[in-house]
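Trainee: I've got a model open and would like to talk through how it is put together. Can we take it one piece at a time?

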Amino acid sequence: QGLRNHGNTCFMNAVVQCLSNTAPLAERLALGRYRARGEVTHRLAALVRALWTRDYTPQLSSEFKNIVSKHSSQFRGNAQHDALEFLLWLLDRMHEDLGAASPAQQSRGPTQVGGTPLQGEAGHPRSGDPPHPFPRSSLTCPHCLKQSNTFDPFLCISLPIPLRQTRALNVTLVLQCERWRFVRVGLAVPLLGTVADLRAMVAREGRIPPEQVILAEVSPRGFLRSLSDPEALRAAGEAAPVYAFQPPPARRAGGNGPGLAGGRGSLTGIGGKDSARSSDCLHRAPGGRILLLLCNTSGTGPQLTRFGPPLVLREERSVSWEQLQQNILAQLRGVLRGEVRPQGTGALFRIRLAGGSAPCTYLSPQDPRPLCHPAVDRALQLSGAGGPPHVRLTVEWDMSTKERLFGSIQEEVVQDAESVRWQQQVHGQQHSCTLDECFQLYTKEEQVRAPWA
């Protein structure tokens, strides 16, 4: 049932409609289950009763407007007003018309409610009950467990709106299986989580143990950084896409990695004069294996770009430069344009430690054990908590050599799982919540710290 607008009375009509559709209040007003001594409440009750019995006439709402103007000068005339301001005035006027106790007296009334958080109109009202609800605020000392309860009447309450607790994050899994070598999955990661949470989610997606997951940000120019468990998750994936690497299985001790065309000869390529040497190599006793994350790049300056798939190798610390080159090429066999035969002297590429501080550190082809360089030890120590220790390396190719051996190959081909589209769709929608969820957040227990703590 609509209400006639009597000159900018939309704010008043909106409030009347809200009260008329508040079932407990409308029932009491329409059925006369109240005792009021003021005419504002009587006129409101007559208007609500007419709306529900379909006996409304414009005269009823006009009379209600005149009564409001009589008792409140601020609502006289035909000016526009705020609906919430009028609602608060009307509820307070009804409070007076019902002859209820003052708010100060009310605050002492419901101390017997115990664990009931709200009393008054929010409960089961009687004819003499005031229309004010009472929130109970409980403060408990964590040391002596003494509890203090306070009750304060209120007419309106500001509720917090629950925000979305997750965001969509795409992670590219680099798995040690042929069918799903590269697959991008969509995850709903917690806004206030840590990298450890992301590691656990990736482990479930890839069905691998969390301690085997290596998380790193990989940009079109190469590695940016590895992610460690204590880090906050809010910045992960903002600077560059996140990759999750599964290390290859450990080989038996004494085994050499796969090579190309056999032998220990050098490979034809750019000369050793163009490669920076590590003159301060520390030739400590070799032993154990090391995990290497590699990106292949070509070009210089702004033209520097990554090409081919990122690689994960498990190498002996005592591996020679020649054998390390062979093992890297063996991993790239699927994208090479032809066979690479070992001949002559020199190196096809340079290997730089990624993510290190300036100046850049390159592994030297003249070093008999390049992975025993002290910079490699420092990189292992800085790899962070969570996941296996590893070293990030950038394999730098000359443009002409790259074009000759790989052609115009770009980055790896990644297949998107269905979860990528699903998470984008879910997090792209406007976040909604119920009034009950707002109340749950408002009444959530929180730890209050003393100002001197």
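Trainee: Let's start with the six-strand sheet: which strands are at its edges?

Mentor: Keep in mind that this is a predicted model. The six strands form an open sheet with mixed pairing, in the order 6-5-7-3-4-13. An edge strand pairs on one side only, and that picks out strand 6 and strand 13 (415-416).

Trainee: How many bridges pair strand 3 with strand 4?

Mentor: Strand 3 covers residues 166-174 and strand 4 covers residues 182-190, and they run antiparallel. Thr 172 sits across from Arg 184 of strand 4. The count of bridges for this pair is nine.

Trainee: On to the five-strand sheet: why do strand 9 and strand 11 each have a side without a neighbour?

Mentor: The sheet is open, with the order 9-8-12-10-11 and mixed pairing. Strand 9 (305-316) and strand 11 (362-363) are at the edges, so one side of each has no neighbour in the sheet, as each has a single partner strand.

Trainee: Which helix packs on that sheet, touching strand 8, strand 9 and strand 12?

Mentor: One of the strands it touches, strand 12 (residues 391-397), is joined to strand 10 (residues 349-353) by five bridges. The helix covers residues 399-406, and its direction makes about 90° with that of strand 12. That's helix 10.

Trainee: Are helix 1 and helix 5 oblique or roughly parallel?

Mentor: The axes of helix 1 (residues 10-20) and helix 5 (residues 83-97) come within 9 Å and cross at roughly 55°. The contact includes Phe 11 and Val 15 of helix 1 along with Phe 86 and Leu 90 of helix 5. By class it has nine nonpolar residues, no polar and no charged ones. Angles under 35 degrees would count as roughly parallel, so this pair is oblique.

Trainee: Last one: is Ala 236 buried or exposed?

Mentor: Ala 236 is in the loop between strand 6 (222-226) and strand 7 (242-245). Beyond its sequence neighbours up to four places away, Ala 236 touches residues including Arg 167, Leu 169 and Glu 217. The cut-off for buried is under 20% relative accessible area; Ala 236 has 2%, so the answer is buried.

Terms used. Residues are numbered from 1 along each chain as its sequence is written. This is a predicted model: local features need pLDDT of at least 70, side-chain atom pairs count only at pLDDT 80 or more; totals for chains, interfaces and linings use all residues. Side-chain values use heavy atoms; hydrogens and water are left out. Helices (H or I, at least four residues) and strands (E, at least two) are DSSP runs, numbered from the N terminus. Buried means under 20% relative accessible area, exposed over 50%, partly exposed in between (1.4 Å probe, protein chains only). Contact means heavy atoms within 4.5 Å. Two strands pair if DSSP finds at least two bridges between them. Axes are lines fitted to C-alpha atoms, for helices over the stretch in contact, and angles run from 0 to 180 degrees between N-to-C directions. Angles under 35 degrees count as roughly parallel, over 145 as roughly antiparallel, 65 to 115 as roughly perpendicular and the rest as oblique. Ala, Val, Leu, Ile, Met, Phe, Trp, Tyr, Cys and Pro count as nonpolar, Asp, Glu, Lys and Arg as charged, and the others, Gly among them, as polar.
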